[in-house]
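Dear colleague,

I am passing on a structure that you have not seen before, and I would be grateful if you could look through it. My notes on what was found follow directly below it.

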Amino acid sequence: MPQCPVCRVKFGDWGGVAEHLSYMARTSDGAHVMWLNRNISNSELRPEELEVRLRELFNHGGDLGMWIRRRVIDRFYGENPHPFILAMQRPNRAILLGYVIEHQHFLRN
Ligand SMILES: [Zn+2]
């Protein structure tokens, strides 16, 4: 059953999730707006367009492995890559130090 990727509320279909996300974005809810900007688009979409984009994003067509690969490629090379990925294109001392601390923390835990 489709659910909001931010607050995990369940809906009967992706149209319901799209309406919910659109509503939350219009009320300027920070978490929902941030998720939409990072995963869908920085510009406001009509709920019908958003529904199509949500289906594309979450439907793995029975091939979860390919879905994960597509998502990773989008993250690195898509129109809105993660800020850390951008920073690592031209790493400086602070970025590399942050990476080492984060990685060490990850390995310990
Ligand atoms: Zn939500």
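**What was found**

S28 counts as exposed because 8 other C-beta atoms lie within 10 Å, where a residue is called buried if 20 or more other C-beta atoms lie within 10 Å of its own, exposed if 12 or fewer, and partly exposed in between, with the C-beta atoms placed from the backbone. S28 lies in the loop between α1 and α2, and its phi is near 60 degrees, which is a positive value in a residue other than glycine.

Before going further, please note that this is a predicted model, in which local features need pLDDT of at least 70 and side-chain atom pairs count only at pLDDT 80 or more, while totals for chains, interfaces and linings use all residues. Residues are numbered from 1 along each chain as its sequence is written. The protein chain averages a pLDDT of 90, and 100% of the residues score at least 70, pLDDT being the predictor's confidence in each residue, from 0 to 100. Confidence is lowest in helix α4 (residues 64-77), at a mean of 82, and highest in α1, at 96.

As for the overall picture, the protein chain has 6 helices and 0 strands, these being DSSP runs numbered from the N terminus (helices H or I, at least four residues; strands E, at least two). The chain is divided into domain 1 (14-58) and domain 2 (64-108), with bounds that come from an automatic or database domain assignment, and the C-alpha centres of domain 1 and domain 2 lie 24 Å apart. The radius of gyration of the protein chain is 17 Å, whereas a compact globule of 109 residues would have one near 13 Å; the value is taken over C-alpha atoms, and the globule rule is 2.2 Å times the number of residues to the power 0.38. Buried residues make up 11% of the 109 residues.

Helix α1 (residues 14-26) deserves a separate paragraph. Helix α1 has 13 residues and reaches 18 Å from its first C-alpha to its last, close to the 18 Å expected at 1.5 Å a residue, where the expected span is 1.5 Å times one less than the number of residues. Its buried residues are V17, A18, H20, L21, S22 and M24, and they pack against α2 (30-39) and α3 (47-58). By contrast, Y23, which also lies in helix α1, is exposed because it has 12 other C-beta atoms within 10 Å.

The largest nonpolar core has 8 residues, namely V17, A18, L21, M24, L36, I40, L50 and L54; such a core is a set of buried Ala, Val, Leu, Ile, Met, Phe, Trp, Tyr and Cys residues joined through C-beta atoms within 7 Å. The elements that give two or more residues to this core are α1 and α3, and α1 gives the most, with 4 residues. One of the core residues, L21, touches C4, H32, L36 and L50, not counting residues up to four places away in sequence, a contact meaning that the C-beta atoms of two residues, placed from the backbone, lie within 7 Å.

Finally, R8 sits in the segment before α1 and has a positive phi of about 65 degrees although it is not a glycine. R8 counts as exposed because it has 7 C-beta neighbours inside 10 Å.

With best regards
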